[in-house]
Amino acid sequence: MDVIERIQYQDDFLSEENIDNNINILWGKALPILLHRKKLYDRFTRKYDKSDVVVALEYYITIIASGYFGGKEPQYKVQKVNETQKNILKKIFDKIFGEKNNPDEFQAIIDYITKYNDNGSFFYDCVKDYIITSACYGLVYENSDNEEVYAHTSSLNTIAIWNYDTPQRKIGLLRAWYENTGTGGIETHLEIITKDYKKQYVDGIEKKDINQNAKYDFTEVEDSKKEVLWNDVPCFAVENPDCLGFFENVITLIKKHEQVIRNNANTFEYNDNAKLKITGFTPDNEAIIQATDKEGNPQVDNNGQPVMITNPARTKEDEAILNAKVFYTPDQNGDIDWVTKDINDTASENHKKTCLDMALMISGVPNVTDQGFTNADNSSALEKKFFPLEQVLQQADHLFKAEFLRMWRMITERINLKKNKQYDFRDIEIILTRNLPTDTESVVNAWLKLRGLLSDKTVIDHLPYDLDSEAELAEMDMQNEANIEKNLENMQKMGQDTTNAQLNAEQQNQQTQNRDNKKLTENQEVKSEVKQNNIKQSDTVTK
């Protein structure tokens with residue numbers, strides 16, 4: 001399989017009736033892709049590269065791109081429908097939107113799920129796999145504590161199966177792992193997951209290594225079948241449509257860059273061991289003489305030809321010349337010099353720099369050692385340096401957001417079913433923030449200037465301090481009440497008239513209570529409208 005592509009079949013290819021007959025065919029499609037990803041991963045680590053010169057630009061490109069794109073964990077915010085939007089949607093669709101969702105409650109559930117799932121680690125692991133191998137995966141399941149879990153699984157042994165719909169839809173996930181046997185062989189195991197079932201298979205033929213030319217014969221593992229109770233394939237899967245690793249297009253340039261360094265190293269090594277050239281001087285001893293036996297008789301080989309060896313006397317003479325502090329050439333035209341190779345340092349460095357710049361330019365990763373980068377003394381300048389990388393990652397940004405939304409749709413539907421709720425996954429906003437240094441003071445000042453135009457809650461939510469706006473506002477109310485009471489006590493101690501201060505405090509408390517009552521009344525009115533709307537819909541269905 002020369003072209004690495006995604007796996008596509010009709011939906012019925014993975015049906016329970018057909019999968020036993022098709023599992024070997026499926027593995028035949030998946031194995032070349034997995035082996036190609038393993039080669040890309042080895043290029044990333046360069047762990048098993050035996051070359052004398054290794055410049056791991058693949059590692060540099062991967063770490064910079066992964067840290068920039070996946071260094072900050074995703075944020076999931078439940079959008080709230082304002083009253084104007086509610087009225088417009090009610091007028092057009094004759095439905096009440098936003099009330100069933102209970103945004104605050106839904107947000108609390110999402111925050112709880114992301115916290116125990118180590119959301120940031122999951123995202124970074126997926127991003128790193130995507131950068132290296134062009135694909136990343138995770139499993140979505142419910143654990144023994146009835147909690148919704150999503151966990152990363154390596155792209156080196158996992159691959160998605162798609163159908164031919166527009167847009168293409170995932171119909172299955174194939175996972176492979178290898179176990180060592182007691183006889184020193186390798187046993188291949190497979191797991192196939194669809195929205196209906198999960199099964200495991202094992203290869204009946206032990207192998208010394210895994211390759212495309214070997215024969216595989218998979219049979220189902222007894223009692224491995226399990227029912228899947230999700231409305232979709234319970235997985236997180238992002239595959240690059242072009243099937244390209246991030247550095248795959250620049251591997252040739254990286255090799256050329258290493259070749260220039262290798263050539264220079266070889267030249268320096270040759271010059272370190274250069275030969276001494278002497279003209280106008282004749283040594284006293286021959287360089288090569290015929291070998292003799294113990295009796296001093298000349299030696300010949302089987303063909304009667306003399307056996308020639310290096311003359312020991314000549315070797316001693318050469319050593320004496322090399323160690324001498326002064327050497328004289330009898331001939332007036334004589335000279336002494338080293339036989340070396342010249343290096344055009346400027347041309348060599350330009351060639352090396354060209355290969356490096358082209359590799360980083362195509363991959364979109366900035367060179368952190370160039371002058372433009374080191375002189376970038378603020379976040380705006382750094383953003384400009386990362387602009388090419390931002391463009392390269394735009395496709396990944398959209399793919400990850402779409403798959404995160406699909407994952408939360410599955411989790412939301414699961415919660416709605418089990419808890420009898422009506423949360424809408426479409427209200428979840430996926431926020432992917434790039435990992436760049438930020439000028440915290442400027443951000444804070446910018447948002448504080450918006451106080452009075454925006455609510456305090458909105459301002460607090462956008463401050464770069466990871467604050468809980470609800471808790472902070474509640475603390476502020478308590479602090480204000482305590483300050484008012486303390487001021488009243490101080491005024492009474494000093495004999496001042498506290499009537500106006502008490503009236504102001506009562507008015508402030510009354511305003512707060514009126515605001516809470518108004519919010520409660522609005523909620524009751526909306527619930528009443530929802531109830532009446534449901535009755536109307538029920539009557540319509542009955543008719």
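**Salt bridges and their surroundings**

Mentor: A search of the whole structure returns 32 salt bridges, a salt bridge being a side-chain nitrogen of Lys or Arg within 4 Å of a carboxyl oxygen of Asp or Glu. The model is predicted, so local features need pLDDT of at least 70 and side-chain atom pairs count only at pLDDT 80 or more, whereas totals for chains, interfaces and linings use all residues. Residues are numbered from 1 along each chain as its sequence is written, and side-chain values use heavy atoms, with hydrogens and water left out.

Take E239 and R6 to begin with. They form a salt bridge in which the closest N and O atoms are 3.9 Å apart. E239 sits in strand β11 (residues 235-239) and R6 in the segment before β1 (7-8), so this pair ties together parts that are 233 residues apart in sequence. Helices (H or I, at least four residues) and strands (E, at least two) are DSSP runs numbered from the N terminus. Both E239 and R6 are buried; buried means under 20% relative accessible area, exposed over 50%, and partly exposed in between, with a 1.4 Å probe and protein chains only.

D11 and R169 also form a salt bridge, with 2.8 Å between the closest N and O atoms. D11 is in the loop between β1 and α1 (19-45), and R169 is in the loop between β5 and β6 (170-180), so the pair ties together parts that are 158 residues apart in sequence. D11 counts as partly exposed because its relative accessibility is 37%. R169, at 32%, counts as partly exposed too.

The side chains of R434 and E390 meet in another salt bridge, at 3.0 Å from N to O. This pair links distant parts of the chain, 44 residues apart: R434 belongs to the loop between β16 (428-431) and α13 (440-448), and E390 to helix α11 (residues 387-392). R434 has a relative accessible area of 14% and is therefore buried. E390 counts as buried at 17% relative accessibility.

Beyond these pairs, there is a network of salt bridges that links K170, D232, E403, R406, R409 and E413.

Now the nonpolar side. A nonpolar core is a set of buried Ala, Val, Leu, Ile, Met, Phe, Trp, Tyr and Cys residues joined through side-chain atoms within 4.5 Å. The largest has 51 residues, of which F236, F400, F404 and W408 touch the most other members. Helix α12 (residues 394-419) gives the most to this core, with eight residues. A second, separate core has 35 residues, including L26, I171, I193 and F218. Leaving aside residues up to four places away in sequence, W408 touches Y76, I110, I113, T114, Y150, F425, I428 and I430, where contact means heavy atoms within 4.5 Å.

V55 and E258 are 203 residues apart in sequence, yet their C-alpha atoms are 6.3 Å apart in space. With residues up to four places away again not counted, V55 touches R46, I254, H257, E258 and I261. Among contacts in the protein between residues at least 6 apart in sequence, 66% join residues at least 24 apart.

For the chain as a whole, there are 16 helices and 16 strands. Of its 543 residues, buried ones make up 33%. The accessible surface is about 33800 Å², and 48% of it belongs to carbon and sulfur atoms; accessible areas come from the Shrake-Rupley method with a 1.4 Å probe, and for residues only the protein chains shown count as cover.

Finally, confidence. The average pLDDT, which is the predictor's confidence in each residue from 0 to 100, is 83 for the protein, and 87% of the residues score at least 70.
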